[in-house]
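Open the structure in a viewer and keep the selection panel at hand.

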Amino acid sequence: MDDPVEVRVVSASGVCGSGFKESSFAAGLARNPHFIGCDAGSTDPGPAPLGTGKPSFPARSIKRDLRIMLKGARANGIPLLIGSAGTAGGKPHLELVRDIVLEIAREEGLSFKLALIHAEQNKDYLKRRLAEGRIRPLSPAPDFDEGVIDRAERIVGMMGEDPFLRALDEGADVVIAGRSSDCAIFAGIPIRMGVDPGMAWHAAKLLECGAAVAVERTNPDSVFVTFGRRHFDIEPLDPTMRATPQSVAAHALYENSNPYRLVESSGVLDLTHATYEALDHRRVRVQGSVFEPAQTYTVKLEGAELVGYQSVVIGGIRDPYIIRQIDSWVARLETKVHERVADVMKGDKAAEGYIFNVRLYGKNGTMGPLEPETEIRSHELCMVMEATASTQEIATTIVSMARHQALHLPIPEWGGLITAVACIYSPAYLERGAVYRFCVNHVVEPADPFEMFPIEYINVG
Amino acid sequence: MAKLGELARLIRSKNAGPFELTFDIMFDDEATFKRVCDSHVLNAELIARLYNLSANQVQFFIVPPALAIKASIPRPRFQGDVLDSDGHGGQQYAPLIDIEIP
(Lines give C-alpha, C1' and ligand atoms only; values in the text may rest on other atoms or scores of the structure.)
Protein backbone atom coordinates (compact mmCIF):
# COMPACT_ATOMS: atom_id res chain seq x y z
CA MET A 1 0.00 0.00 0.00
CA ASP A 2 2.88 2.34 0.61
CA ASP A 3 4.69 1.68 -2.66
CA PRO A 4 5.56 5.00 -4.26
CA VAL A 5 3.19 6.16 -6.95
CA GLU A 6 3.61 9.01 -9.36
CA VAL A 7 0.72 10.33 -11.39
CA ARG A 8 1.13 13.30 -13.71
CA VAL A 9 -1.75 15.40 -15.02
CA VAL A 10 -2.00 18.37 -17.33
CA SER A 11 -5.04 20.61 -17.30
CA ALA A 12 -5.10 22.58 -20.54
CA SER A 13 -7.13 25.53 -19.30
CA GLY A 14 -9.74 26.64 -16.80
CA VAL A 15 -12.44 26.50 -19.48
CA CYS A 16 -12.29 24.80 -22.86
CA GLY A 17 -12.82 27.69 -25.24
CA SER A 18 -11.15 30.39 -23.15
CA GLY A 19 -7.72 29.63 -24.62
CA PHE A 20 -4.24 28.71 -23.37
CA LYS A 21 -0.71 29.08 -24.68
CA GLU A 22 0.36 26.27 -26.99
CA SER A 23 3.85 26.54 -25.52
CA SER A 24 2.51 25.94 -21.97
CA PHE A 25 0.47 22.94 -23.05
CA ALA A 26 3.45 21.52 -24.97
CA ALA A 27 5.62 21.92 -21.88
CA GLY A 28 3.05 19.87 -19.98
CA LEU A 29 3.02 17.13 -22.62
CA ALA A 30 6.82 17.00 -22.58
CA ARG A 31 6.60 15.76 -18.99
CA ASN A 32 4.79 12.65 -20.03
CA PRO A 33 1.41 13.11 -18.27
CA HIS A 34 -0.90 10.15 -17.70
CA PHE A 35 -3.86 12.09 -19.03
CA ILE A 36 -5.14 15.48 -20.17
CA GLY A 37 -8.23 17.04 -18.65
CA CYS A 38 -10.20 20.20 -19.26
CA ASP A 39 -13.36 21.57 -17.76
CA ALA A 40 -15.68 23.19 -20.27
CA GLY A 41 -18.60 24.27 -18.16
CA SER A 42 -19.92 26.66 -15.60
CA THR A 43 -23.12 28.21 -14.36
CA ASP A 44 -21.29 31.54 -14.16
CA PRO A 45 -22.67 32.78 -17.51
CA GLY A 46 -26.16 32.41 -16.00
CA PRO A 47 -29.17 30.33 -17.02
CA ALA A 48 -29.04 31.19 -20.76
CA PRO A 49 -26.63 28.44 -21.93
CA LEU A 50 -28.69 25.77 -20.17
CA GLY A 51 -31.97 27.28 -21.37
CA THR A 52 -31.03 28.05 -24.98
CA GLY A 53 -28.83 25.00 -25.57
CA LYS A 54 -25.95 27.19 -26.70
CA PRO A 55 -22.47 27.43 -25.16
CA SER A 56 -21.20 30.67 -23.66
CA PHE A 57 -17.92 30.43 -25.58
CA PRO A 58 -18.00 30.65 -29.38
CA ALA A 59 -17.75 27.35 -31.28
CA ARG A 60 -14.62 28.62 -33.04
CA SER A 61 -12.74 29.18 -29.81
CA ILE A 62 -13.87 25.78 -28.46
CA LYS A 63 -12.56 24.23 -31.68
CA ARG A 64 -9.21 25.99 -31.36
CA ASP A 65 -8.67 24.59 -27.86
CA LEU A 66 -9.99 21.12 -28.65
CA ARG A 67 -7.79 20.80 -31.73
CA ILE A 68 -4.62 21.36 -29.69
CA MET A 69 -5.77 19.01 -26.93
CA LEU A 70 -6.89 16.24 -29.31
CA LYS A 71 -3.66 16.33 -31.30
CA GLY A 72 -1.62 16.30 -28.09
CA ALA A 73 -3.59 13.40 -26.62
CA ARG A 74 -3.37 11.28 -29.77
CA ALA A 75 0.32 12.03 -30.38
CA ASN A 76 1.11 10.91 -26.85
CA GLY A 77 -1.40 8.06 -26.68
CA ILE A 78 -3.00 9.36 -23.48
CA PRO A 79 -6.67 9.89 -22.59
CA LEU A 80 -8.35 13.26 -23.03
CA LEU A 81 -11.22 14.00 -20.64
CA ILE A 82 -13.54 16.97 -21.21
CA GLY A 83 -16.28 17.70 -18.69
CA SER A 84 -19.41 19.85 -18.96
CA ALA A 85 -19.24 20.11 -22.72
CA GLY A 86 -20.56 23.31 -24.25
CA THR A 87 -20.91 25.20 -20.93
CA ALA A 88 -24.10 23.58 -19.63
CA GLY A 89 -23.55 19.94 -20.60
CA GLY A 90 -27.06 19.20 -21.89
CA LYS A 91 -27.91 17.27 -25.05
CA PRO A 92 -27.50 20.12 -27.58
CA HIS A 93 -24.24 21.17 -25.91
CA LEU A 94 -22.83 17.65 -26.08
CA GLU A 95 -23.90 17.32 -29.72
CA LEU A 96 -22.26 20.60 -30.64
CA VAL A 97 -18.95 19.58 -29.08
CA ARG A 98 -19.23 16.08 -30.60
CA ASP A 99 -19.58 17.65 -34.04
CA ILE A 100 -16.55 19.87 -33.41
CA VAL A 101 -14.50 16.85 -32.32
CA LEU A 102 -15.54 14.87 -35.42
CA GLU A 103 -14.70 17.83 -37.65
CA ILE A 104 -11.23 18.16 -36.10
CA ALA A 105 -10.62 14.42 -36.43
CA ARG A 106 -11.50 14.64 -40.13
CA GLU A 107 -9.31 17.66 -40.71
CA GLU A 108 -6.35 16.22 -38.82
CA GLY A 109 -6.73 12.59 -39.89
CA LEU A 110 -7.07 11.38 -36.28
CA SER A 111 -8.65 8.10 -35.26
CA PHE A 112 -9.77 7.14 -31.77
CA LYS A 113 -12.64 5.75 -29.75
CA LEU A 114 -14.83 8.59 -28.57
CA ALA A 115 -17.13 8.33 -25.55
CA LEU A 116 -20.03 10.73 -25.16
CA ILE A 117 -21.51 10.73 -21.67
CA HIS A 118 -25.01 12.14 -21.56
CA ALA A 119 -26.11 14.25 -18.60
CA GLU A 120 -29.45 15.70 -19.70
CA GLN A 121 -32.11 14.08 -17.58
CA ASN A 122 -35.22 12.23 -18.62
CA LYS A 123 -38.23 14.00 -17.12
CA ASP A 124 -40.08 10.77 -16.31
CA TYR A 125 -37.02 9.51 -14.44
CA LEU A 126 -36.91 12.69 -12.36
CA LYS A 127 -40.64 12.48 -11.61
CA ARG A 128 -40.20 8.90 -10.44
CA ARG A 129 -37.31 9.81 -8.15
CA LEU A 130 -39.28 12.80 -6.87
CA ALA A 131 -42.28 10.60 -6.08
CA GLU A 132 -39.97 8.20 -4.24
CA GLY A 133 -38.70 11.05 -2.07
CA ARG A 134 -35.24 10.72 -3.57
CA ILE A 135 -34.91 14.33 -4.69
CA ARG A 136 -34.18 16.83 -1.96
CA PRO A 137 -33.38 20.55 -1.85
CA LEU A 138 -30.04 22.18 -1.16
CA SER A 139 -30.05 25.57 0.52
CA PRO A 140 -31.26 27.99 -0.71
CA ALA A 141 -33.50 26.33 -3.29
CA PRO A 142 -36.49 27.33 -5.40
CA ASP A 143 -39.66 25.26 -4.96
CA PHE A 144 -39.55 21.98 -6.83
CA ASP A 145 -42.41 19.75 -7.92
CA GLU A 146 -43.66 17.90 -10.99
CA GLY A 147 -44.74 21.21 -12.50
CA VAL A 148 -41.16 22.50 -12.35
CA ILE A 149 -39.93 19.36 -14.09
CA ASP A 150 -42.59 19.79 -16.80
CA ARG A 151 -41.89 23.49 -17.30
CA ALA A 152 -38.11 23.19 -17.32
CA GLU A 153 -36.52 23.72 -20.69
CA ARG A 154 -33.75 21.36 -19.62
CA ILE A 155 -32.46 19.66 -16.47
CA VAL A 156 -28.98 18.18 -16.27
CA GLY A 157 -27.35 16.03 -13.62
CA MET A 158 -23.79 16.71 -12.50
CA MET A 159 -21.89 13.45 -12.90
CA GLY A 160 -19.15 12.24 -10.61
CA GLU A 161 -15.93 10.44 -11.53
CA ASP A 162 -17.43 6.98 -12.11
CA PRO A 163 -18.90 7.48 -15.61
CA PHE A 164 -15.52 8.83 -16.79
CA LEU A 165 -13.74 5.75 -15.45
CA ARG A 166 -16.28 3.40 -17.01
CA ALA A 167 -15.81 5.06 -20.41
CA LEU A 168 -12.04 4.56 -20.11
CA ASP A 169 -12.54 0.96 -18.98
CA GLU A 170 -14.62 0.37 -22.08
CA GLY A 171 -11.78 1.54 -24.25
CA ALA A 172 -12.45 5.24 -24.84
CA ASP A 173 -9.45 7.36 -25.84
CA VAL A 174 -11.37 10.61 -25.71
CA VAL A 175 -14.22 11.27 -23.28
CA ILE A 176 -16.57 14.18 -23.89
CA ALA A 177 -18.96 14.40 -20.96
CA GLY A 178 -22.10 16.40 -20.43
CA ARG A 179 -22.52 18.26 -17.16
CA SER A 180 -19.92 17.00 -14.70
CA SER A 181 -18.50 18.00 -11.40
CA ASP A 182 -15.51 20.12 -12.43
CA CYS A 183 -13.31 18.10 -10.09
CA ALA A 184 -14.57 14.66 -11.19
CA ILE A 185 -12.78 15.10 -14.54
CA PHE A 186 -9.46 15.01 -12.71
CA ALA A 187 -9.98 12.98 -9.53
CA GLY A 188 -10.93 9.52 -10.82
CA ILE A 189 -7.75 8.42 -12.59
CA PRO A 190 -5.29 9.40 -9.81
CA ILE A 191 -7.42 7.66 -7.16
CA ARG A 192 -7.52 4.51 -9.24
CA MET A 193 -3.72 4.69 -9.64
CA GLY A 194 -3.27 4.74 -5.87
CA VAL A 195 -3.33 8.41 -4.91
CA ASP A 196 -5.03 9.23 -1.62
CA PRO A 197 -8.57 10.49 -2.45
CA GLY A 198 -8.12 13.62 -0.32
CA MET A 199 -5.10 14.66 -2.33
CA ALA A 200 -6.72 13.68 -5.64
CA TRP A 201 -9.87 15.73 -5.01
CA HIS A 202 -7.92 18.71 -3.73
CA ALA A 203 -5.64 18.73 -6.77
CA ALA A 204 -8.70 18.29 -8.98
CA LYS A 205 -10.23 21.41 -7.49
CA LEU A 206 -7.10 23.33 -8.53
CA LEU A 207 -6.68 21.64 -11.92
CA GLU A 208 -10.20 22.41 -13.06
CA CYS A 209 -9.47 26.14 -12.96
CA GLY A 210 -6.21 25.91 -14.92
CA ALA A 211 -3.73 28.67 -14.20
CA ALA A 212 -6.11 30.45 -11.82
CA VAL A 213 -3.95 29.00 -9.05
CA ALA A 214 -1.14 31.42 -10.02
CA VAL A 215 -0.37 34.55 -8.03
CA GLU A 216 -1.15 36.65 -11.12
CA ARG A 217 -2.99 34.74 -13.81
CA THR A 218 -2.01 36.92 -16.78
CA ASN A 219 -4.10 34.84 -19.20
CA PRO A 220 -6.04 31.55 -19.16
CA ASP A 221 -3.43 28.80 -19.31
CA SER A 222 -2.32 25.26 -18.52
CA VAL A 223 -1.28 23.87 -15.15
CA PHE A 224 0.55 20.68 -14.13
CA VAL A 225 0.18 18.41 -11.12
CA THR A 226 2.49 15.61 -10.04
CA PHE A 227 1.04 13.28 -7.41
CA GLY A 228 2.72 11.10 -4.89
CA ARG A 229 0.56 8.81 -2.80
CA ARG A 230 -0.13 11.40 -0.09
CA HIS A 231 0.85 14.72 -1.62
CA PHE A 232 0.83 16.63 -4.86
CA ASP A 233 2.97 19.33 -6.40
CA ILE A 234 1.38 21.99 -8.55
CA GLU A 235 2.85 24.54 -10.92
CA PRO A 236 1.64 26.80 -13.72
CA LEU A 237 3.17 25.75 -17.05
CA ASP A 238 3.87 29.28 -18.23
CA PRO A 239 7.32 30.02 -16.77
CA THR A 240 6.35 33.65 -16.16
CA MET A 241 3.52 32.59 -13.81
CA ARG A 242 4.07 31.19 -10.35
CA ALA A 243 2.14 29.54 -7.53
CA THR A 244 2.82 30.23 -3.87
CA PRO A 245 1.49 28.52 -0.76
CA GLN A 246 -0.84 31.48 -0.30
CA SER A 247 -2.09 31.50 -3.90
CA VAL A 248 -2.78 27.76 -3.78
CA ALA A 249 -4.54 28.00 -0.41
CA ALA A 250 -6.51 31.00 -1.63
CA HIS A 251 -7.84 29.12 -4.61
CA ALA A 252 -10.05 27.04 -2.32
CA LEU A 253 -12.01 30.23 -1.68
CA TYR A 254 -12.86 30.95 -5.29
CA GLU A 255 -16.53 30.54 -6.17
CA ASN A 256 -17.09 28.30 -3.13
CA SER A 257 -19.33 29.18 -0.24
CA ASN A 258 -17.28 27.12 2.23
CA PRO A 259 -13.47 27.15 1.82
CA TYR A 260 -12.91 24.08 3.99
CA ARG A 261 -15.56 21.66 2.79
CA LEU A 262 -16.28 20.95 -0.86
CA VAL A 263 -19.18 18.66 -1.60
CA GLU A 264 -18.96 16.05 -4.38
CA SER A 265 -21.29 13.22 -5.37
CA SER A 266 -19.22 10.57 -3.63
CA GLY A 267 -18.18 12.54 -0.54
CA VAL A 268 -16.82 15.74 0.95
CA LEU A 269 -13.31 17.14 0.52
CA ASP A 270 -12.12 18.55 3.84
CA LEU A 271 -9.26 21.05 3.65
CA THR A 272 -9.12 21.88 7.36
CA HIS A 273 -5.73 20.22 7.79
CA ALA A 274 -4.25 20.86 4.34
CA THR A 275 -0.72 22.28 4.38
CA TYR A 276 1.01 24.26 1.67
CA GLU A 277 4.77 24.35 1.23
CA ALA A 278 6.86 26.19 -1.36
CA LEU A 279 9.15 23.81 -3.27
CA ASP A 280 10.75 26.77 -4.99
CA HIS A 281 9.58 30.21 -6.08
CA ARG A 282 6.83 28.83 -8.33
CA ARG A 283 5.91 25.28 -7.28
CA VAL A 284 3.87 24.29 -4.23
CA ARG A 285 3.51 20.97 -2.40
CA VAL A 286 0.17 20.22 -0.76
CA GLN A 287 -0.49 17.55 1.87
CA GLY A 288 -3.05 16.69 4.53
CA SER A 289 -6.32 17.05 2.59
CA VAL A 290 -8.96 14.51 3.53
CA PHE A 291 -11.84 13.01 1.56
CA GLU A 292 -14.80 11.76 3.60
CA PRO A 293 -16.86 9.26 1.60
CA ALA A 294 -20.58 10.09 1.51
CA GLN A 295 -23.08 7.90 3.33
CA THR A 296 -25.49 8.44 0.45
CA TYR A 297 -24.40 9.03 -3.13
CA THR A 298 -26.08 12.14 -4.56
CA VAL A 299 -26.17 13.85 -7.95
CA LYS A 300 -26.75 17.58 -8.13
CA LEU A 301 -29.32 18.86 -10.61
CA GLU A 302 -29.28 22.08 -12.60
CA GLY A 303 -32.31 23.26 -14.50
CA ALA A 304 -33.48 26.26 -16.46
CA GLU A 305 -37.00 27.33 -17.33
CA LEU A 306 -38.30 29.95 -19.72
CA VAL A 307 -39.33 33.19 -18.03
CA GLY A 308 -40.48 34.94 -21.18
CA TYR A 309 -39.16 37.23 -23.87
CA GLN A 310 -37.41 40.47 -23.16
CA SER A 311 -36.93 43.82 -24.86
CA VAL A 312 -34.93 46.76 -23.52
CA VAL A 313 -34.41 50.44 -24.22
CA ILE A 314 -31.21 52.10 -23.01
CA GLY A 315 -30.96 55.85 -22.66
CA GLY A 316 -29.13 58.65 -20.88
CA ILE A 317 -30.47 61.38 -18.59
CA ARG A 318 -28.38 64.52 -18.22
CA ASP A 319 -30.89 67.15 -16.98
CA PRO A 320 -30.02 67.88 -13.31
CA TYR A 321 -33.65 68.79 -12.57
CA ILE A 322 -34.78 65.33 -13.67
CA ILE A 323 -31.90 63.64 -11.84
CA ARG A 324 -32.72 65.34 -8.54
CA GLN A 325 -36.27 63.95 -8.68
CA ILE A 326 -35.43 60.70 -10.42
CA ASP A 327 -37.26 58.42 -7.96
CA SER A 328 -40.58 60.19 -8.28
CA TRP A 329 -40.03 60.64 -12.04
CA VAL A 330 -39.52 56.88 -12.46
CA ALA A 331 -42.53 56.15 -10.25
CA ARG A 332 -44.66 58.38 -12.49
CA LEU A 333 -43.20 56.70 -15.57
CA GLU A 334 -44.09 53.25 -14.23
CA THR A 335 -47.66 54.35 -13.55
CA LYS A 336 -47.96 55.77 -17.07
CA VAL A 337 -46.56 52.59 -18.62
CA HIS A 338 -48.93 50.33 -16.71
CA GLU A 339 -51.85 52.57 -17.72
CA ARG A 340 -50.80 52.47 -21.39
CA VAL A 341 -50.42 48.67 -21.30
CA ALA A 342 -53.86 48.31 -19.69
CA ASP A 343 -55.32 50.55 -22.40
CA VAL A 344 -53.57 49.07 -25.45
CA MET A 345 -53.55 45.41 -24.37
CA LYS A 346 -57.06 45.40 -22.94
CA GLY A 347 -58.43 41.84 -22.82
CA ASP A 348 -55.24 40.24 -24.16
CA LYS A 349 -54.54 37.29 -21.88
CA ALA A 350 -51.03 36.92 -23.31
CA ALA A 351 -50.09 40.33 -21.93
CA GLU A 352 -50.94 39.38 -18.35
CA GLY A 353 -48.05 38.92 -15.98
CA TYR A 354 -45.61 41.11 -17.89
CA ILE A 355 -42.76 42.67 -15.91
CA PHE A 356 -41.66 46.27 -16.51
CA ASN A 357 -38.42 47.14 -14.75
CA VAL A 358 -36.30 50.30 -14.73
CA ARG A 359 -32.60 50.17 -13.87
CA LEU A 360 -30.73 53.39 -13.09
CA TYR A 361 -26.96 53.31 -13.47
CA GLY A 362 -25.38 56.19 -11.60
CA LYS A 363 -27.86 55.59 -8.77
CA ASN A 364 -28.19 51.90 -7.81
CA GLY A 365 -28.11 49.91 -11.04
CA THR A 366 -25.47 47.52 -9.71
CA MET A 367 -26.67 46.80 -6.19
CA GLY A 368 -30.36 47.66 -6.37
CA PRO A 369 -32.03 47.92 -2.97
CA LEU A 370 -28.77 46.90 -1.22
CA GLU A 371 -26.97 50.04 -2.41
CA PRO A 372 -25.88 51.94 0.72
CA GLU A 373 -25.16 55.23 -1.12
CA THR A 374 -28.35 57.26 -1.16
CA GLU A 375 -27.02 60.45 -2.71
CA ILE A 376 -26.57 60.63 -6.49
CA ARG A 377 -23.25 62.32 -7.25
CA SER A 378 -23.19 61.67 -10.97
CA HIS A 379 -24.04 64.40 -13.48
CA GLU A 380 -25.72 61.82 -15.70
CA LEU A 381 -27.67 58.59 -15.32
CA CYS A 382 -28.03 55.61 -17.57
CA MET A 383 -31.57 54.28 -17.65
CA VAL A 384 -32.36 50.77 -18.82
CA MET A 385 -36.06 50.08 -19.35
CA GLU A 386 -36.82 46.41 -19.55
CA ALA A 387 -40.03 44.59 -20.46
CA THR A 388 -40.40 40.83 -20.02
CA ALA A 389 -43.54 39.21 -21.38
CA SER A 390 -44.94 35.99 -22.79
CA THR A 391 -44.08 36.95 -26.38
CA GLN A 392 -41.35 39.05 -27.97
CA GLU A 393 -43.95 41.19 -29.70
CA ILE A 394 -45.62 42.09 -26.41
CA ALA A 395 -42.29 42.85 -24.73
CA THR A 396 -41.27 45.13 -27.59
CA THR A 397 -44.69 46.80 -27.60
CA ILE A 398 -44.42 47.56 -23.88
CA VAL A 399 -40.88 48.88 -23.99
CA SER A 400 -41.63 50.98 -27.08
CA MET A 401 -44.59 52.57 -25.30
CA ALA A 402 -42.34 53.11 -22.28
CA ARG A 403 -39.77 54.88 -24.44
CA HIS A 404 -42.35 57.33 -25.69
CA GLN A 405 -43.80 57.91 -22.21
CA ALA A 406 -40.31 58.49 -20.77
CA LEU A 407 -39.27 60.84 -23.56
CA HIS A 408 -41.96 63.37 -22.80
CA LEU A 409 -42.70 62.80 -19.12
CA PRO A 410 -42.90 66.35 -17.76
CA ILE A 411 -41.29 67.87 -14.66
CA PRO A 412 -42.60 71.00 -12.92
CA GLU A 413 -39.36 72.96 -13.49
CA TRP A 414 -39.94 73.19 -17.25
CA GLY A 415 -42.99 74.56 -19.09
CA GLY A 416 -43.65 72.95 -22.50
CA LEU A 417 -42.84 69.63 -24.12
CA ILE A 418 -39.53 68.14 -23.01
CA THR A 419 -37.46 65.25 -24.37
CA ALA A 420 -36.09 63.64 -21.24
CA VAL A 421 -34.09 60.65 -22.48
CA ALA A 422 -31.12 60.44 -24.86
CA CYS A 423 -31.74 57.20 -26.76
CA ILE A 424 -28.72 55.51 -28.30
CA TYR A 425 -30.19 53.41 -31.08
CA SER A 426 -32.79 53.49 -33.81
CA PRO A 427 -34.99 51.62 -33.31
CA ALA A 428 -34.47 52.41 -29.64
CA TYR A 429 -35.37 48.90 -28.47
CA LEU A 430 -33.17 45.80 -28.37
CA GLU A 431 -34.90 42.44 -28.55
CA ARG A 432 -33.12 40.06 -26.19
CA GLY A 433 -35.10 36.98 -27.14
CA ALA A 434 -35.97 34.24 -24.69
CA VAL A 435 -34.82 34.69 -21.09
CA TYR A 436 -34.49 31.89 -18.56
CA ARG A 437 -34.16 31.34 -14.85
CA PHE A 438 -32.42 28.65 -12.81
CA CYS A 439 -35.27 26.59 -11.41
CA VAL A 440 -33.54 23.76 -9.52
CA ASN A 441 -31.02 23.51 -6.70
CA HIS A 442 -31.59 19.92 -5.65
CA VAL A 443 -29.87 16.56 -5.46
CA VAL A 444 -31.06 13.13 -6.58
CA GLU A 445 -30.22 9.89 -4.81
CA PRO A 446 -29.72 7.54 -7.78
CA ALA A 447 -29.45 3.76 -7.43
CA ASP A 448 -25.85 3.96 -8.65
CA PRO A 449 -23.44 6.58 -10.10
CA PHE A 450 -24.20 5.49 -13.70
CA GLU A 451 -27.98 5.34 -14.18
CA MET A 452 -28.32 9.07 -14.91
CA PHE A 453 -25.40 9.15 -17.36
CA PRO A 454 -25.66 6.81 -20.35
CA ILE A 455 -22.50 6.43 -22.43
CA GLU A 456 -22.45 6.34 -26.21
CA TYR A 457 -19.36 5.31 -28.20
CA ILE A 458 -18.21 6.36 -31.66
CA ASN A 459 -15.23 4.87 -33.48
CA VAL A 460 -13.75 7.95 -35.10
CA GLY A 461 -11.61 7.79 -38.24
CA MET B 1 -7.99 53.56 11.92
CA ALA B 2 -7.72 52.40 8.33
CA LYS B 3 -10.22 51.37 5.73
CA LEU B 4 -10.43 47.67 4.89
CA GLY B 5 -9.87 48.54 1.23
CA GLU B 6 -6.48 50.06 2.11
CA LEU B 7 -5.43 47.05 4.20
CA ALA B 8 -6.51 44.24 1.88
CA ARG B 9 -4.67 43.08 -1.21
CA LEU B 10 -7.98 42.10 -2.73
CA ILE B 11 -11.63 42.39 -1.82
CA ARG B 12 -13.91 40.57 -4.22
CA SER B 13 -17.39 39.12 -4.56
CA LYS B 14 -18.48 36.27 -6.81
CA ASN B 15 -21.24 33.76 -7.34
CA ALA B 16 -20.80 30.55 -5.41
CA GLY B 17 -23.19 28.78 -7.75
CA PRO B 18 -26.43 30.45 -8.89
CA PHE B 19 -27.92 30.69 -5.42
CA GLU B 20 -25.14 32.01 -3.18
CA LEU B 21 -22.79 34.96 -3.19
CA THR B 22 -19.36 34.86 -1.60
CA PHE B 23 -16.91 37.55 -0.48
CA ASP B 24 -13.15 37.05 -0.26
CA ILE B 25 -10.95 39.50 1.60
CA MET B 26 -7.27 38.74 1.13
CA PHE B 27 -4.13 40.16 2.67
CA ASP B 28 -0.50 40.36 1.66
CA ASP B 29 1.10 39.78 5.01
CA GLU B 30 0.49 38.01 8.28
CA ALA B 31 0.59 41.20 10.39
CA THR B 32 -2.18 42.97 8.48
CA PHE B 33 -4.27 39.80 8.37
CA LYS B 34 -3.87 39.41 12.13
CA ARG B 35 -4.68 43.07 12.73
CA VAL B 36 -7.98 42.74 10.88
CA CYS B 37 -8.87 39.40 12.50
CA ASP B 38 -7.98 40.62 15.98
CA SER B 39 -10.06 43.78 15.57
CA HIS B 40 -13.16 41.52 15.45
CA VAL B 41 -14.86 44.25 13.44
CA LEU B 42 -15.49 41.90 10.54
CA ASN B 43 -17.93 39.19 11.52
CA ALA B 44 -21.16 37.57 10.46
CA GLU B 45 -23.23 40.28 12.19
CA LEU B 46 -21.58 43.07 10.20
CA ILE B 47 -22.02 41.25 6.89
CA ALA B 48 -25.66 40.59 7.81
CA ARG B 49 -26.22 44.28 8.52
CA LEU B 50 -24.59 45.43 5.26
CA TYR B 51 -26.54 42.97 3.13
CA ASN B 52 -29.84 43.17 4.96
CA LEU B 53 -29.80 39.61 6.34
CA SER B 54 -29.89 37.96 9.73
CA ALA B 55 -26.55 36.73 11.07
CA ASN B 56 -27.57 33.08 10.86
CA GLN B 57 -27.82 33.45 7.06
CA VAL B 58 -24.14 34.39 6.86
CA GLN B 59 -21.34 31.83 6.70
CA PHE B 60 -18.14 33.41 7.99
CA PHE B 61 -14.62 31.95 7.77
CA ILE B 62 -11.08 32.85 8.76
CA VAL B 63 -8.64 31.07 6.43
CA PRO B 64 -5.09 31.45 7.80
CA PRO B 65 -3.12 29.59 5.07
CA ALA B 66 -4.63 31.94 2.49
CA LEU B 67 -4.34 35.02 4.76
CA ALA B 68 -7.98 35.50 3.95
CA ILE B 69 -11.38 36.19 5.45
CA LYS B 70 -14.43 34.85 3.69
CA ALA B 71 -18.16 35.29 4.01
CA SER B 72 -20.98 33.68 2.03
CA ILE B 73 -24.61 34.72 1.84
CA PRO B 74 -27.75 33.68 -0.02
CA ARG B 75 -27.92 35.66 -3.25
CA PRO B 76 -30.22 38.72 -2.97
CA ARG B 77 -31.75 37.45 -6.24
CA PHE B 78 -31.02 34.10 -7.83
CA GLN B 79 -28.44 34.52 -10.58
CA GLY B 80 -30.03 35.60 -13.85
CA ASP B 81 -33.52 36.14 -12.45
CA VAL B 82 -35.40 38.98 -14.12
CA LEU B 83 -34.58 41.45 -11.36
CA ASP B 84 -31.01 40.29 -10.75
CA SER B 85 -28.53 43.06 -11.46
CA ASP B 86 -25.16 41.30 -11.28
CA GLY B 87 -24.91 38.03 -13.22
CA HIS B 88 -21.48 37.08 -11.93
CA GLY B 89 -22.00 38.64 -8.52
CA GLY B 90 -18.72 40.42 -9.11
CA GLN B 91 -19.62 43.97 -8.04
CA GLN B 92 -21.35 43.46 -4.71
CA TYR B 93 -18.35 44.06 -2.43
CA ALA B 94 -18.21 47.86 -2.48
CA PRO B 95 -19.79 48.29 0.99
CA LEU B 96 -16.87 46.31 2.48
CA ILE B 97 -14.21 48.72 1.22
CA ASP B 98 -14.99 51.50 3.67
CA ILE B 99 -15.21 49.38 6.83
CA GLU B 100 -13.02 51.08 9.44
CA ILE B 101 -10.44 48.84 11.14
CA PRO B 102 -8.70 50.09 14.30
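**Aromatic stops**

Select Phe25(A): with 2% relative accessibility it counts as buried, because buried means under 20% relative accessible area, exposed over 50% and partly exposed in between (1.4 Å probe, protein chains only). This is a predicted model, in which local features need pLDDT of at least 70, side-chain atom pairs count only at pLDDT 80 or more, and totals for chains, interfaces and linings use all residues. Residues are numbered from 1 along each chain as its sequence is written, chains are lettered from A and ligands numbered from 1 in the order in which they are written, and side-chain values use heavy atoms, with hydrogens and water left out.

Over all chains there are 10 aromatic pairs; rings of Phe, Tyr and Trp (its six-membered ring) pair if their centres lie within 6.5 Å, and planes under 30 degrees apart count as stacked, over 60 as edge-to-face and the rest as tilted. Phe20(A) is buried, at 5% relative accessibility.

Stay on Phe20(A) and show Arg64(A), whose charged end sits over the ring, 4.9 Å from its centre (NZ of Lys or CZ of Arg within 6 Å of the ring centre and within 35 degrees of the ring normal). Lys113(A) likewise places its charged end over the ring of Tyr457(A), 4.6 Å from the centre.

Finish with the aromatic cluster formed by Phe438(A), Phe19(B) and Phe78(B). In chain B, Phe23(B) and Tyr51(B) are both buried.
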